[in-house]
Amino acid sequence: MIVGKIPIRTHVITEKDDIVDVVFKYTGEIAGPGDVIAVAETVVAITQGRAILPETVRPGTLAKFLCRFPGKDGSLATPQAMHLAITETGVPRIFLGVAAAAAGKIAGRKGDFYRVAGRHLTLIDDVAGTMWPFQRHIILGPKTPQEVVDRIKDATGAEAVVTDVNDIGNVDILAASNGIDGKALIKELEDNPFGNDDQQTPIVVLKMAE
Amino acid sequence: MFSQKQPRITNIWSKVIESDEAYFTKVVVESTGAYKYSVGRQGNDIVLIGAGVVANMPTGPIEVNDGLVSDITLHESRPDAATVTIHMEHPAGYRVESSEGIPVRTAIFLERSTIAGLLQGKKILIDPGHGGKDVGGKGPVNLLEKNVVLLIANELEQLFRQVDASVLLTRKGDESIPVHNRLKMAKDERADLFIGIHTHTDNNCKVGGTAVLYKASSRESLDLAKLVKDELIRKLKLTDRGLKGSRKFAVLEGIPVVEVEVVAITNWVEEGLLRSPTFHKRAAEGIFNGITKYYATTDGNKKVKV
Ligand SMILES: [Zn+2]
């Protein structure tokens, strides 16, 4: 049973950091066996060099055209982010996604673009102006999250998950170490203990009853 | 065992709390366990000294810029003592509350009545630019200036309502209103300030950043423009595109006028920023802080003919 959720403030994490070193440094004295260390997917991606300055991206005509469609509220509304999505997924799958979205629209359904073009595209954070010093960056989803949680478990002895949580209570567990059921933690993270993007608390320790 | 270890400070955060009865900044220090502390005043600043507690988080300042608190600095004075200094822009009353649990939370509530006091009796006219068939600037993808400036203006209005200041908007909906009517409204309503909200349009899509226009040859307008721009940049961390005097506001005698160009909508990235509600809110906070700072300076409070 979870007895407390401790948000952990860190320094500003960049691509110069190793995510496992960061987690060990800030939770080594706090999390023990049985506890769960939840790490926000965005910082995992940042340490992997997956925060991209839009100025370095040259969007093609296709990206400039497609960025008008996936929904104004969501990501991929800048041509640069759409270009990166196309690079991540490949042109054919993007087109399948667009076709599905068009069909879905006729059927009054939302979310078909991401269902077909790939869930990992929902992890692309378009420029949002909130997470200094990455307020002008597009942040891709992390690579190999399973490897990351396994390494965190080795280093700390605690369980670990990589998760995507937003303010409106949508929780996605990208990977969980082998000692826990990631799905069971979704409810516990719905209140977004990470806080807003700018609060610099990318790690939350879920303390379990001893 | 966890409970026997020395308590560690894991996080410090703050939030502006606003309700019918209360208006304060809440600063919270979170730790893995309870420790002995004292809270006192050093000048305007509020200082919490904790004994037998160590910093788990980085020491140094955390920027707040909420109009009352500029930053909060954690410092380890001895290996087993930590100091949290809340740097204040204005003096404020405070009270402290602690709550048990994991984490333990020590909360300091700071009265924001000074800010309300600075704006008391002032009438602010906010002018969201353009509207109706005058769409203003256009983003490279699809955003229109007339729509985004209204969203920011609404957030700004909200902030003035919180402190019971008198605040008016030149338009609430998607209406086309001639500029001279907007300026006339400022005169008719005897507004103390005219705050235009716009975005910049540039032929070069690489140009971006924040700029503020002001009524040419008005000291008050220039002072206000400087403060609004500085506070906006503290909030948004965008490029400084400077201050520009403009003759178009000359008809508004006696009223300081600024026109804020929050970002350049023609910049690909900045159009992206304009999609984020958090960004609208931050922009509004920056403008609001600039205006309260203006009234906190003697110049802003003197009733000088402009
Ligand atoms: Zn304009």
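## Exercises on a predicted two-chain model

B:C205 comes out as partly exposed, at 34% relative accessibility. Keep that residue in mind; the exercises below come back to it. Remember too that this is a predicted model.

**Exercise 1. Work out how many disulfides the structure holds, and where the nearest cysteine sulfur to A:C67 lies.**

Step 1: Go over all chains, and the count of disulfides is 0.

Step 2: Now look at A:C67, which is in no disulfide. Its nearest cysteine sulfur belongs to B:C205, 13 Å away.

Step 3: B:C205 is in no disulfide either, and the nearest sulfur to it is that of A:C67, 13 Å away.

Step 4: A:C67 counts as buried because its relative accessibility is 4%, and the limit for buried is under 20%. B:C205, at 34%, counts as partly exposed.

**Exercise 2. Place B:L110 in its chain: is it buried or exposed, and what does it touch?**

Step 1: Find the element. B:L110 sits in strand 10 of chain B, residues 104-111.

Step 2: Read off the accessibility. With a relative accessible area of 0%, B:L110 is buried.

Step 3: Compare with our cysteine. B:C205 is 95 residues along the chain from B:L110, and their C-alpha atoms are separated by 43 Å.

**Exercise 3. Describe the interface of chain B and chain A: which residues form the salt bridge, and which helix of chain B gives the most?**

Step 1: Start with the totals. On the chain B side 32 residues are in contact with 33 of chain A. About 2900 Å² is buried between the two, and carbon and sulfur atoms give 59% of that.

Step 2: Look for charge pairs. The rule finds 1 salt bridge across the interface: A:R136 with B:E270, whose closest N and O atoms are 3.0 Å apart.

Step 3: Count polar contacts, which come to 6 residue pairs.

Step 4: Assign elements on chain B. Strand 1 (8-18), helix 5 (268-273) and helix 6 (277-296) each supply at least two residues. Helix 5 gives the most, with 5 residues.

Step 5: Sort the chain B side by class: 16 nonpolar, 9 polar and 7 charged residues.

Methods
Residues are numbered from 1 along each chain as its sequence is written. Chains are lettered from A and ligands numbered from 1 in the order in which they are written. This is a predicted model: local features need pLDDT of at least 70, side-chain atom pairs count only at pLDDT 80 or more; totals for chains, interfaces and linings use all residues. Side-chain values use heavy atoms; hydrogens and water are left out. Helices (H or I, at least four residues) and strands (E, at least two) are DSSP runs, numbered from the N terminus. Buried means under 20% relative accessible area, exposed over 50%, partly exposed in between (1.4 Å probe, protein chains only). A disulfide is a pair of cysteine sulfur atoms within 2.5 Å. Contact means heavy atoms within 4.5 Å. Buried area is the accessible area (1.4 Å probe) that two parts lose on being put together, summed over both. A salt bridge is a side-chain nitrogen of Lys or Arg within 4 Å of a carboxyl oxygen of Asp or Glu. A polar contact is a pair of N or O atoms within 3.5 Å; within protein, one must be able to donate a hydrogen and the other to accept it, and residues adjacent in sequence count only if both atoms are side-chain atoms. Ala, Val, Leu, Ile, Met, Phe, Trp, Tyr, Cys and Pro count as nonpolar, Asp, Glu, Lys and Arg as charged, and the others, Gly among them, as polar.
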